Amino acid sequence: MYRALAYKEWLKIRWFTVGAVGIEILALLYIFTNLRAILEFNNVIAVWSSIVYKNYMFFNSVKYLPLAIGITISVAQYLPEVIDKKLKLTLHLPLEESRVLLFLNLFGTMILSVLNLLLVAVLIIGTSMVFPAEIVWAEFITLIPWVLAGYLGYFFTSSILIEPSWQRKTVMAIVGFFMINIYLVDAIYGAYIGIIIPLLIITLLYNYLHMLPGFRFKRGLK
Amino acid sequence: MIFSAKLSRYLIVLSIILVASVIFPEFYSMTFSHSFSSPHVYYSPVKKIFVKTVSYKREIKRLDSKGNEYTREEFERLTPLFSYRQLLYRNEMPDSIDGIPIDISLMRLNNIFITIKPTDVYRYTIPLNPLIESEPGRPDLQMPDDFFRITDKIEFIQCYSNKVKVKLSKLFNDALVNCGFNFPAKKFFGNPSTRKPFDEGFFIVDNNNNLFHMKRVKNKPYVKKVILPEGIKIEFIKVMEMNLKEFYGIVITEDNRLFLLMYDGYKFVELPSKGFDRKKMKLVFMGNQFYRIISFFAKNSVATFVTDRNYKLIAENMEKWKTDEDFAVGKIADFIFPFKLEFTDVYNKYVNFNFTFSNSSFWIINLLFLFLLLSYFKRKRKNFTVSQSVDLIIVLLTGFYGFIAVLLIKDDD
C-alpha cells in the first residue's frame, strides 16, 4: 500500500523535482563561474581576506533556494489533493490516517533531502578545491540553517494547503513567515553555530505540523 | 491520530507564542521607544576636572561634573590635547601644560584611541590569519601570499594553490616547539592589516594557557614565551601597533581584569577595571602625553578612570542616564509583555534565542488573561477537559501571547 502511495506522490512531483535539480545546477554553475572570475580578476589574497574578515559569502545566491524548492514541492504535492478534496480518499484508505499523513510528508522530506544533499555536497566539494578546510567548515555551518528553512517552508506550506479554514490558513501563513525568518537572519559566517542542534530538533518536530489540519480536513471542519 | 493532532496543535500554539513575543515588543518599541545617547567624557589637563559632551536631540551641551556649561570654544580650550587641531587653527594652542612644553609631534605620537566592543570578542571567526612580514625592507607592509592555521601543528597555506607550504610550516613549527609551545592553540590575536606603521605578528594562547608571541622576520620565525602574571586567564587581546611602542595591546582576562602588555620585557601593567563587564560593555582607551583615560560604556552608564603615565589612578567619574526602562514606556512594556524574544544581540554576533524576561509586574496582566479564558471556557461547559487546563497554564505563563494563540487555534476536541 505504501509503495503505491509513494508512486502516486512521485507522479505528482517528479517534474517539479527535475525542475528543482535544473535550477540547482544553474545556481551552482553561476556560483562557481562567478568565483572563478573573482579569483581570476582579483588578488586571491584579497579574496581570502574578504572571506575571513569581511564576511564575503560567494555562495549566498543559494540562501533562499532550499526554501523556494521546499514550498514548490509542497504545492506540487498537496495542491492537487486539496483542490477536489482528493486527500479525503487517501485518508479513507485502510491505514491509520496519522501514519498516512506522516508518510506523505516524509516522502516529500526525502525528496527535499536528496535535492538539498545535491546542493550542499556540490558546494562543499567545489569550495574545498580552492579554499582550506576552515573556510569550507564555515560555509557548511552557514548553509545548514538555510537548508533547514527549506524543510520548514515545506511543512508550513503543507499545513496551510491542507487546513480547511481560511482564518487558520492566514494565521499559519503569518506564523510560518516569521518562523522561517529565524533561519534566514542576515548574519556573519557561523553565527548559528550555537543553535544548530536546537534548530534541527525544532525542524524535525514540525514534521507533525500538518496533523491537526489533516484531521480537520478529514472531518470537513471550517 | 488524536495524539499527533494534539502535538500538531501545540506546535502551532507554540509557534504563535514565539512569533508574538518577537513582533509585538518589536512593534511596540518601534512605535514608542526613544534613543538615549551616551555622554562623551574627557579629562581636562588644564583644570583637572571631568568634562563631558551630551547630545540632546539636535544640540550638543558641554558640561563639567558640577553642571557648568561651556561654549564650544571654551570646551576646546579645556581639552587642548584632544582638540589640538582646532586650537592650532585658531592659534590658541597653549605653549605648555603643567610647565611641560607642548611639542606637536610628541603630542601626536602620544595620542592613542583604542576601542574594544563585545562584538569584537564574541563572534565566530574563521581560524585563518596572515602572518605579515615585519621587516619587509620597504616603507609599507604587504599581505603575505599565505594564511596560517594552528591545529596540532602550525601550517601555512598558499592562497594561490590552496596547498601547505611544507618548508615554512616546519620552520615555524620547530620554533614553536622549541619554545615550549603546546599544540593545539586555544586562541590567537593579531592585527591583520597593512594599514599600520609596522607589524607585531600574533599572540597565541597554547593548550596549557601559556602565551606566546610569534612574528615573521625576514621569513624566519621569531617566537618568545610571555610570562603571564599569576592566576591570569586570557580572554582577549587587542593588538595595536603604534609608533609610541609602549605596549603591544590591551589584555582582557576571564575575570574582567584589564592589562597592558608592555614592550618592556613583556610586562603586564594592570589598568583600572572596577565594574567592567567584558560581555556587556564597550571599552574605550584614550591616551595622551599626560594621562590615560579608560572608559566602560554600559547601556545606561559610563565609568571613566584617569591614570597618570605610570598607570596610577588619579581620578574617576561615573555618568548615568535614564533609559526607556525608567519611564512609562518601559514600565508599561513590563506589564504587557512577560518576555520578549530576539534572535540577534547588540553584544555579540551570534544568532540565538535571546529571551528577555520582564520584571514581575506582568503577572497581573497574565492573571487577567487567565480569568478571561477561564470565563470563556465556563460559558461553554461546566467541567474542564485536560487540554483546557493545559491552555490555562499556557496563558498563565505566557499571558497575552498565549491568550492569542489558544484562541486562534481552539481545541476541536
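## Helix α6 of chain A

Of the 30 residues of α6(A), 26 are buried, so this helix is largely enclosed by the rest of the structure. Here, buried means under 20% relative accessible area, with a 1.4 Å probe and protein chains only. Helices are DSSP runs of H or I with at least four residues, numbered from the N terminus. The structure is a predicted model, in which local features need pLDDT of at least 70 and side-chain atom pairs count only at pLDDT 80 or more. Residues are numbered from 1 along each chain as its sequence is written.

Helix α6 of chain A covers residues 133–162. Its expected span, 1.5 Å times one less than its number of residues, is 44 Å, which agrees with its end C-alpha atoms being 44 Å apart.

## The interface between chains A and B

In chain A, 53 residues are in contact with 43 residues of chain B, contact meaning heavy atoms within 4.5 Å. The buried area, that is, the accessible area (1.4 Å probe) that two parts lose on being put together, summed over both, is about 4200 Å². Carbon and sulfur atoms give 75% of this area. On the side of chain A, the residues that lose the most area to chain B are A:Ile45, A:Trp48 and A:Glu134, together 15% of what that side buries.

## A salt bridge across the interface

The count between chain A and chain B is one salt bridge, defined as a side-chain nitrogen of Lys or Arg within 4 Å of a carboxyl oxygen of Asp or Glu. A:Glu134 forms a salt bridge with B:Arg149, and their closest N and O atoms are 2.6 Å apart.

Note on methods. Chains lettered and ligands numbered in written order. Heavy atoms only, no water. Helix = DSSP H or I, 4+ residues; strand = E, 2+ residues; numbered from the N terminus. Buried < 20%, exposed > 50% of the residue type's maximum accessible area, 1.4 Å probe, protein only.
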